Amino acid sequence: MLEPASFVGGEWIAPGPEAVTLLNPATGAAIARAGGSVDPEVLLSHASGAGAALRAMNIHDRARMVKALATYLDGRKEELYALNSLTGATRKDGWIDIDGGIGTMFVIASKGRREMPDGDVYLDGIVEQLSRNGTFVGQHIAVPLQGVAVQINAFNFPIWGMLEKLAPALIAGVPSIVKPATQTSYLTEACVRIIIDSGLLPDGAVQLVVGRFGDLLDRLGPQDVVSFTGSADTAFKLRSTPSLLRQGTRFIAEQDSLNAAILGADAEAGSPEWDIFLKEAAREITTKAGQKCTAMRRLIVPADRADALAEALAAKLSITPGDPSDEVTRMGALVSAEQKTDVLAKLDAFSAETKIVLTGADTDHALMAPTLLTCPDPDAATIIHEQEAFGPVATILPYRDTGHAIALANRGGGSLVTSLFTHDPAIARQVVHGTAAWHGRVYMNDRDSAAEATGHGSPLPHMTHGGPGRAGGGEELGGVRGILHYMQRTAVQGSPRLLSAVSGQWIKGAPETKGPKHPFRRTFHQIAIGETLHTDTREITLEDIEHFAHFTGDTFYAHMDEAAAQANPFFPGRVAHGYLLLSFAAGLFVQPDPGPVLANTGLEGLSFQSPVSPGDALKVRLTAKRKTRRTDTYGEVAWDVTLTNQDDAQVATYTLLTMVAYDG
Ligand code: NAP
């Protein structure tokens with residue numbers, strides 16, 4: 001018998017007297033005793049120390065820690081698969097939960113390192129010029145919240161549900177208190193034990209509550225975040241906690257969702273899009289026995305094809321569910337007998353508005369076969385647009401035209417995802433414009449993307465997961481966006497010098513310093529932010545311009561034809577190529593000998609600001625702007641580069657990216 005423990009204040013706490021017995025949903029055998037209560041004061045005080053330890057690390061250090069943790073979990077994931085089938089899930093279902101959760105950690109960790117600074121604060125947007133002479137500027141930054149992330153998860157994804165919240169919170173620098181659904185808590189507990197074994201996280205960065213956490217929510221404040229996944233009823237109850245409302249505690253909710261899938265009017269029977277729709281719909285109804293927050297619930301199809309589609313889909317859905325520990329089982333069980341009772345009650349409620357195409361055979365325990373319904377009058381129907389049967393159930397809704405399909409999709413009152421199967425760009429445009437405001441994600445698939453499309457029901461770490469209205473109004477994931485849910489955005493104003501000290505990056509107007517030697521002779525760690533090189537000048541001649549034109553083949557008239565160039569509103573006459581100026585700039589600032597600078601990897605934000613005529617003289621200012629560790633041996637140095645002419649007028653600006661060795 002499994003006895004999942006809570007992990008609170010660094011101690012494992014066994015189930016208490018209030019523990020309930022959990023049954024294997026496929027066989028009815030008792031598998032675990034789970035539940036208890038914990039001291040919220042211990043949870044919060046232990047988390048507070050971890051918060052300080054996390055904030056003492058910088059963003060990239062935390063992202064590296066999450067990557068290391070994902071690697072460690074990946075090495076021990078078979079321990080999780082060993083328990084997976086007890087939840088009713090097949091190995092394939094478990095892949096979404098276990099490998100999907102670990103994969104999400106890898107992606108978020110990688111985005112944290114590639115898209116966030118190797119520093120203490122995240123910079124959001126550009127430096128805003130707030131004064132005429134540039135002595136007073138502004139910058140939005142994001143810093144870690146100084147509280148705790150309370151993560152309350154649903155039963156259906158005991159691993160992914162935890163890891164997709166934990167990774168962003170850790171990278172943000174916020175400790176987590178994880179509360180899984182009791183029904184599948186033993187799987188989350190096994191994962192938390194592996195996380196603790198790894199020794200990779202500061203003490204208290206993750207705590208686990210199996211059961212109830214007392215008055216924890218009453219003790220939260222403005223620096224805390226509650227991130228909830230589950231039913232709308234529980235979300236409503238928890239988010240209405242008076243102290244959360246009073247204190248303005250962030251509450252992110254991912255709840256019930258009546259997701260729609262639209263078959264485009266162009267998708268005739270037998271077309272590639274028809275086949276893709278059938279394949280995806282069958283997969284959505286059967287994966288995790290339909291217990292996926294993103295599963296297709298309402299299938300919105302052209303009225304003239306609704307019967308044919310119902311017949312074709314029913315044929316694909318004649319699957320007998322079974323014990324998921326048996327390798328031949330294609331579809332497992334609902335999570336519990338109570339969940340099955342709930343689904344059957346919803347089917348009862350739907351019966352006034354729907355007809356049965358395929359009914360789930362009355363099977364034992366929490367097993368339930370796919371059930372397909374049609375709703376002949378979807379305009380008059382209400383329950384089908386308002387209640388979620390969280391099981392292998394979907395309903396076909398016939399539509400008259402694309403506008404009608406859009407209206408039906410939006411009747412769900414806000415969803416996590418709606419999908420469209422069409423090859424017609426005009427339909428794609430109409431449907432996305434008509435539905436996007438009501439759905440957190442719009443997924444399109446057709447013959448061009450089918451081989452690589454990730455599936456209607458897959459939330460991806462790169463893309464936001466959440467939805468308006470009935471779906472809870474929350475948002476998670478979406479790359480760096482998901483990390484920012486655990487950070488505070490603050491507008492900082494001041495002089496360039498002070499702002500540069502805050503952000504750790506040089507900004508125009510901040511002091512320039514001179515190093516002991518050419519900056520390209522300095523190693524990554526020696527280069528100081530603000531270190532600047534002012535080059536000699538170089539005159540641009542007409543011969544240079546002609547030579548460059550013939551050498552490269554760029555004989556655009558502005559460089560070659562005086563009269564035509566003069567007629568152009570941008571040029572006083574023949575001018576130098578922008579790329580010639582960049583090349584001359586490199587010639588002015590480069591240090592030719594082998595040294596710490598390994599490569600030039602790109603330019604960012606290039607703009608040419610004034611034309612350069614023959615006889616003009618060019619000079620360059622190159623300032624170390626930002627440093628980012630990349631590997632064990634080298635990092636990226638970004639240089640702020642400004643080209644000016646003999647009158648000190650700005651000719652071009654850009655950020656030059658170089659890879660610089662740590663030693664050399
Ligand atoms: P649930 O009954 O609402 O439970 C969700 C979580 O809330 C569980 O961890 C539960 O713990 C906890 N909880 C319930 N009452 C609580 C209380 N008074 N104080 C603190 N925690 C409390 O939902 P579920 O049955 O687990 O999940 C199914 C629902 O989740 C479906 O409606 C589905 O649509 C939705 N869902 C949504 C998403 C999404 O991303 N939008 C994802 C998955 C599932 P106990 O188990 O210990 O009661």
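Which residues point one way from β16, and which the other way? V393, T395, L397 and Y399 take one side, A394, I396 and P398 take the other, and all are buried (under 20% relative accessible area with a 1.4 Å probe, protein chains only; over 50% is exposed, and in between is partly exposed). The views below come from a predicted model, where local features need pLDDT of at least 70 and side-chain atom pairs count only at pLDDT 80 or more, while totals for chains, interfaces and linings use all residues. Residues are numbered from 1 along each chain as its sequence is written, and side-chain values use heavy atoms, with hydrogens and water left out.

**View 1. The whole chain, for orientation.** The protein chain has 19 helices and 27 strands (DSSP runs numbered from the N terminus: H or I of at least four residues for helices, E of at least two for strands). Its C-alpha trace spans about 90 × 60 × 45 Å along the principal axes. Of the 664 residues, 57% are buried. Take the contacts (heavy atoms within 4.5 Å) between residues at least 6 apart in sequence: 73% of them join residues at least 24 apart.

**View 2. Strand β16 and its two neighbours.** On one flank, β13 (residues 298–302) pairs with β16 in the parallel sense over 5 bridges (strands pair if DSSP finds at least two bridges between them). Here R298 stands opposite T395, and P302 has Y399 as its bridge partner. β15 (residues 371–374) also pairs with β16 in the parallel sense, over 4 bridges, with T374 partnered by I396.

**View 3. The sheet around β16.** Seen as a whole, this is an open sheet of 7 strands with mixed pairing, in the order β14-β15-β16-β13-β12-β17-β18. β14 (355–358) and β18 (439–445) sit at the edges with a single partner strand each, so one side of each has no neighbour in the sheet. From one strand to the next, the twist averages 25°.

**View 4. Helices on the sheet.** α9 packs on the sheet and touches β12 (260–263), β13, β16, β17 (415–421) and β18, with its direction at about 160° to that of β12 (axes are lines fitted to C-alpha atoms, for helices over the stretch in contact, and angles run from 0 to 180 degrees between N-to-C directions). Helix α13 (residues 425–435) lies across β12, β17 and β18, and runs at about 170° to β18.

**View 5. Where α9 meets α10.** Helix α9 (residues 272–286) packs against helix α10 (residues 306–316) at about 50°, with the axes 10 Å apart. The pair is therefore oblique (under 35 degrees is roughly parallel, over 145 roughly antiparallel, 65 to 115 roughly perpendicular, and the rest oblique). From α9 come W274, F277, L278, K279, A281, A282 and I285; from α10, A308, L309, A312, L313 and K316. By class, that contact has 10 nonpolar, no polar and 2 charged residues (Ala, Val, Leu, Ile, Met, Phe, Trp, Tyr, Cys and Pro are nonpolar, Asp, Glu, Lys and Arg charged, and the others, Gly among them, polar).

**View 6. R497 in α15.** R497 belongs to helix α15 (residues 496–503). It counts as exposed because its relative accessibility is 52%. Leaving out residues up to four places away in sequence, R497 touches A510 and P511.
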